[in-house]
Amino acid sequence: MNDLSEARSLLNVAHRDLRALSGMINSKLFADEIFGFHVQQAAEKSLKAWISALDETFPFTHDLAALLRIVEGKGYDVSKFLEISKFNEFAGHFRYVESDGEIEPLEREISIDMVQTLYQHVDNFISRQASS
């Protein structure tokens with residue numbers, strides 16, 4: 001699989017998590033830990049797709065800040081995506097323990113918009129790479 005094919009494949013998988021988020025708006029049905037996990041996963045897969053489209057190998061990590069640094073190191077402005085790193089804790093810690101008030105309630109619409117913006121940016125980037 002070439003890098004753009006891998007990038008598109010990863011982005012398609014990210015889209016599954018993104019679609020799931022739209023069904024998790026009700027915090028009474030879906031705990032913040034579950035919702036936050038899917039935000040983190042959609043962001044992680046989107047960033048790994050971006051890295052792959054840059055013809056780079058992405059590391060085996062769930063650390064969104066580390067993935068953003070890789071993209072930034074290739075000369076791309078990631079400043080509007082930095083806030084997504086706050087979802088790192090949902091990749092591991094909150095998957096296995098109750099938060100017991102450790103986290104502020106998530107603003108779900110804002111969180112979805114944040115990861116949707118990243119997803120769309122990467123989708124556009126991949127499309128531009130494929131057409132050049």
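How many residues does helix H5 (residues 108–131) have, and how far does H5 reach from its first C-alpha to its last? The legends below take that up, using a predicted model.

**View 1. Helix H5 from end to end.** Helix H5 runs over residues 108–131, so count 24 residues here. From first C-alpha to last, H5 reaches 34 Å, close to the 34 Å expected at 1.5 Å a residue.

**View 2. The buried residues of H5.** Look for Ile112, Val115, Leu118, Tyr119, Val122 and Ile126, which are among the buried residues of H5. As for spacing, residues three or four places apart in an α-helix point the same way, because a turn takes 3.6 residues.

**View 3. What sits over H5.** The cover on the buried residues of H5 includes helix H1 (3–22) and helix H2 (32–53).

View 4. Five helices and zero strands make up the element list, which reads α-α-α-α-α from the N terminus on. The radius of gyration is 15 Å, close to the 14 Å that the globule rule gives for 132 residues, so the chain is as compact as a globular protein of that length. The C-alpha trace spans about 50 × 25 × 25 Å along its principal axes.

View 5. Buried residues account for 44% of the 132 residues. Of the contacts between residues at least 6 apart in sequence, 68% join residues at least 24 apart.

**View 6. Charges.** The chain carries 13 positive and 21 negative charges, and their mean positions are 6 Å apart.

Definitions and conventions:
Residues are numbered from 1 along each chain as its sequence is written. This is a predicted model: local features need pLDDT of at least 70, side-chain atom pairs count only at pLDDT 80 or more; totals for chains, interfaces and linings use all residues. Side-chain values use heavy atoms; hydrogens and water are left out. Helices (H or I, at least four residues) and strands (E, at least two) are DSSP runs, numbered from the N terminus. The radius of gyration is taken over C-alpha atoms; the globule rule is 2.2 Å times the number of residues to the power 0.38. Buried means under 20% relative accessible area, exposed over 50%, partly exposed in between (1.4 Å probe, protein chains only). Contact means heavy atoms within 4.5 Å. Lys and Arg count as positive and Asp and Glu as negative; His and the chain ends are not counted. The place of a charge is taken as NZ of Lys, CZ of Arg, CG of Asp or CD of Glu. The expected span of a helix is 1.5 Å times one less than its number of residues.
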